[in-house]
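Visitor: I am new to this structure and should like to learn how to read it. Might we proceed feature by feature?

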Amino acid sequence: MNIIMKKIVGHQMDKEGKKFIAPRFPCGAITPEDLRKLADACERFPGCKIKLSGDLTLGLVDSGKNDECRESLGIPTFNIAGRSVRPVKTCAGEYICTNNLQRSFSLGLRLDQLFAGRPIPFKMIISVAGCGRNCSEPRVRDIGIVATRLGYDVYAGGAAGAKPRIAQKIAGGLDEDRVV
């Protein structure tokens with residue numbers, strides 16, 4: 001990489017580091033105290049939001065108390081091992097990202113409301129990205145949607161498991177309603 005590119009990339013990275021704070025939770029494990037600290041920080045700084053990149057899972061709950069714990073949450077849950085459409089994965093999209101090209105976060109929410117939790121004969125993951133950076137990894141998901149300047153491109157057949165596979169583009173330039 002030449003010196004000019006290093007300066008451009010370095011400047012962009014510095015700019016990104018000033019826009020976002022990414023708390024580090026080893027192996028994605030977070031304590032109740034950490035959650036309180038995050039909530040307190042967001043309340044102190046208006047406009048601050050928390051974006052989860054992966055699933056948040058409560059672990060080590062005594063199996064005899066799972067239902068009690070689930071009820072005490074007061075929020076919907078999903079079966080992480082079942083044969084169903086998983087919660088839709090999205091990047092930050094218009095929520096906080098300046099690279100976003102369409103209303104990708106809103107599309108992800110719409111798809112999640114329509115399909116997440118539906119029982120099917122296998123597990124299915126749908127992912128939506130707001131630009132070609134593919135932060136939510138749509139090209140290695142069962143169904144991937146990537147925003148472009150012309151609309152959305154739709155991909156199918158990706159996999160990120162033991163035998164990774166890049167999805168194939170099946171449609172391009174679609175508006176939100178056509179994607180759905």
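Visitor: Which strands form a hairpin with two residues between them?

Guide: Strands and helices are DSSP runs numbered from the N terminus, with at least two residues (E) for a strand and at least four (H or I) for a helix. In this predicted model, the hairpin consists of strand 3 and strand 4. Two strands count as paired if DSSP finds at least two bridges between them. Strand 3 and strand 4 run antiparallel and are joined by six bridges; within this pairing, Ala147 stands opposite Tyr152 of strand 4.

Visitor: How many bridges join strand 4 to strand 5?

Guide: Four bridges join them, and these two strands also run antiparallel. Tyr152 stands opposite Leu174 in strand 5.

Visitor: What should I know about the numbering and the limits of the model?

Guide: Residues are numbered from 1 along each chain as its sequence is written, and side-chain values use heavy atoms, with hydrogens and water left out. As the model is predicted, local features need pLDDT of at least 70 and side-chain atom pairs count only at pLDDT 80 or more, while totals for chains, interfaces and linings use all residues.

Visitor: What is the mean pLDDT of the protein?

Guide: The term pLDDT denotes the predictor's confidence in each residue, from 0 to 100. The mean for this protein is 81, and 75% of its residues reach 70 or more. Over residues 11-17, however, pLDDT stays under 50. Where pLDDT is low, the predicted coordinates should not be read in detail. For residues 11-17 the model has two contacts beyond four places in sequence, a contact being heavy atoms within 4.5 Å.

Visitor: What pattern does the protein follow along the sequence?

Guide: The pattern is α-α-α-β-α-β-β-β-β-α, made up of five helices and five strands. Of the contacts with a separation of 6 or more, 44% are between residues 24 or more positions apart.

Visitor: How many of the residues of strand 4 are buried?

Guide: A residue is buried under 20% relative accessible area, exposed over 50% and partly exposed in between, with a 1.4 Å probe and protein chains only. In strand 4, five of the six residues are buried, so this strand is largely enclosed by the rest of the structure. Across the protein, buried residues make up 26% of the 180 residues.

Visitor: Which residues of the largest nonpolar core touch the most other members?

Guide: In soluble globular proteins, nonpolar side chains tend to be buried together. A nonpolar core is here a set of buried Ala, Val, Leu, Ile, Met, Phe, Trp, Tyr and Cys residues joined through side-chain atoms within 4.5 Å. The largest one has 13 residues, of which Leu107, Leu111, Ile126, Val128, Ile145, Tyr152 and Val179 touch the most other members. At least two residues of this core come from each of helix 4 (104-115), strand 2 (126-129), strand 3 (143-148) and strand 4 (151-156). Beyond its neighbours within four places in sequence, Ile145 has contacts that include Leu107, Ile126, Pro138, Tyr152 and Val179.

Visitor: How many salt bridges does a search of the whole structure find?

Guide: A salt bridge is a side-chain nitrogen of Lys or Arg within 4 Å of a carboxyl oxygen of Asp or Glu. The search finds four. One of them joins Arg110 and Asp177, whose closest N and O atoms are 2.8 Å apart. This pair links distant parts of the chain, with Arg110 in helix 4 and Asp177 in helix 5 (residues 176-179), 67 residues apart. Arg110 is partly exposed at 28% relative accessible area, whereas Asp177 is exposed at 55%. A network of salt bridges links Arg110, Glu176 and Asp177.

Visitor: Which residue forms a salt bridge with Asp153?

Guide: The partner is Lys169, with the closest N and O atoms 3.5 Å apart. Asp153 lies in strand 4 and Lys169 in strand 5 (residues 168-174), so the pair ties together parts that are 16 residues apart in sequence. Asp153 counts as buried, at 11% relative accessibility.

Visitor: Is Arg141 buried or exposed?

Guide: Arg141 is buried, with a relative accessible area of 12%. The side chain of Arg141 meets that of Glu137 in a salt bridge (2.8 Å, N to O), and Glu137 is partly exposed at 42%.
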